[in-house]
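Keep the structure open beside the text as you read.

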Amino acid sequence: MSALTRALAALSLLACAVGTAQADEAQLARGKYLATIMDCAGCHTPMGPNGVPDMANALHGANYGFQLPGLGTFVPPNLTPDPTGLGGWSAEEIATAVTTGVRPDGRILAPIMPWHSYGALQKDDLAALVAFLQSLPPYAYDAPGPWGPSEKPTVPYLGLVMP
Ligand code: HEC
């Protein structure tokens, strides 16, 4: 191989690497944008004083639950790649849970998690959303629950009060 051929080969490898890095960055930016407008942090974030979401801990999991009549009380869990969050889940498993409500253990997520609507996500958008979640800094927080309809939750919860 001549010096020129070698230099050209190195250059094309470099171009390739730069191209991939840009694609990844664009994908993560898209995922972040989708997570924002789909309001993942609106639920998967602890509530600070005065009921305002504590955005410094966005996506670290909530400290309160949603009580659904007849179903139980459900706390939005930690979405970061820590073992207490989605750390042990594959990209495929996260995508399945977000779009079909089926967790890796087979349990169906309560419908307060809007997986019915997220089922309409297009393939590339779903991949971007999952890649973004997997790129978050891991944070350790094991959200409590869920509790069955006759169990008493140990954290505050929002519920439906019949008149
Ligand atoms: C209206 C509130 C709400 C919104 C908005 C929401 N979630 Fe959830 N999510 C929940 C609740 C509550 C659970 C727990 C349900 C259960 O345990 O049955 C959950 C569960 C999950 C789970 C399963 C985690 C686990 O450990 O079981 C994933 C993954 C998830 N949500 C991802 C997302 C993503 C990604 C978004 C945004 C695109 C989002 N959620 C938006 C409320 C919400």
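Helix 3 passes helix 5 in a right-handed crossing; a crossing is called right-handed if the near helix is turned clockwise from the far one by less than a right angle, and left-handed if anticlockwise. The axes of helix 3 (residues 91–100) and helix 5 come within 10 Å and cross at roughly 115°. Those axes are lines fitted to C-alpha atoms over the stretch in contact, with angles running from 0 to 180 degrees between N-to-C directions. On the helix 3 side, the contact (heavy atoms within 4.5 Å) is made by A91, I94, A95, V98 and T99, while helix 5 brings L126, L129, V130, L133 and Q134. Sorted by type, the residues of this contact are eight nonpolar, two polar and no charged. Here Ala, Val, Leu, Ile, Met, Phe, Trp, Tyr, Cys and Pro count as nonpolar, Asp, Glu, Lys and Arg as charged, and the others, Gly among them, as polar.

A word on what you are viewing. This is a predicted model, in which local features need pLDDT of at least 70 and side-chain atom pairs count only at pLDDT 80 or more, whereas totals for chains, interfaces and linings use all residues. Residues are numbered from 1 along each chain as its sequence is written, and side-chain values use heavy atoms, leaving out hydrogens and water.

Now stay with helix 3. Its buried residues are I94, A95, A97, V98 and T99, where buried means under 20% relative accessible area, exposed over 50% and partly exposed in between (1.4 Å probe, protein chains only). The cover over these buried residues includes helix 4 (115–118) and helix 5. Not counting residues up to four places away in sequence, T99 touches W115, Y118, G119, L121 and L126.

Stepping back, the protein has five helices and three strands, in the order α-α-β-β-α-α-α-β along the sequence. These are DSSP runs numbered from the N terminus: helices (H or I) of at least four residues and strands (E) of at least two. Of the 163 residues, 34% count as buried.

Next, the ligand. It is surrounded by 22 residues, the closest being C40, C43, H44, R103 and M113; a residue is near if one of its heavy atoms lies within 4 Å. A polar side-chain atom of H44 lies 2.8 Å from a ligand nitrogen atom. A ligand oxygen atom is 2.7 Å from an N or O atom in the side chain of R107, and a ligand oxygen atom is 2.8 Å from a polar backbone atom of A110.

Finally, the backbone has some features to find in the loops. D39, between helix 1 (3–37) and helix 2 (40–43), has a positive phi of about 60° although it is not a glycine. L59, in the loop between helix 2 and strand 1 (65–68), likewise is not a glycine, yet has a positive phi of about 70°. D39 is partly exposed at 48% relative accessible area, whereas L59 is buried at 8%. In the loop between helix 5 (123–135) and strand 3 (157–158) sits P146, and the peptide bond from G145 to P146 is cis, with omega near 0°.

Definitions and conventions. A polar contact is a pair of N or O atoms within 3.5 Å; within protein, one must be able to donate a hydrogen and the other to accept it, and residues adjacent in sequence count only if both atoms are side-chain atoms.
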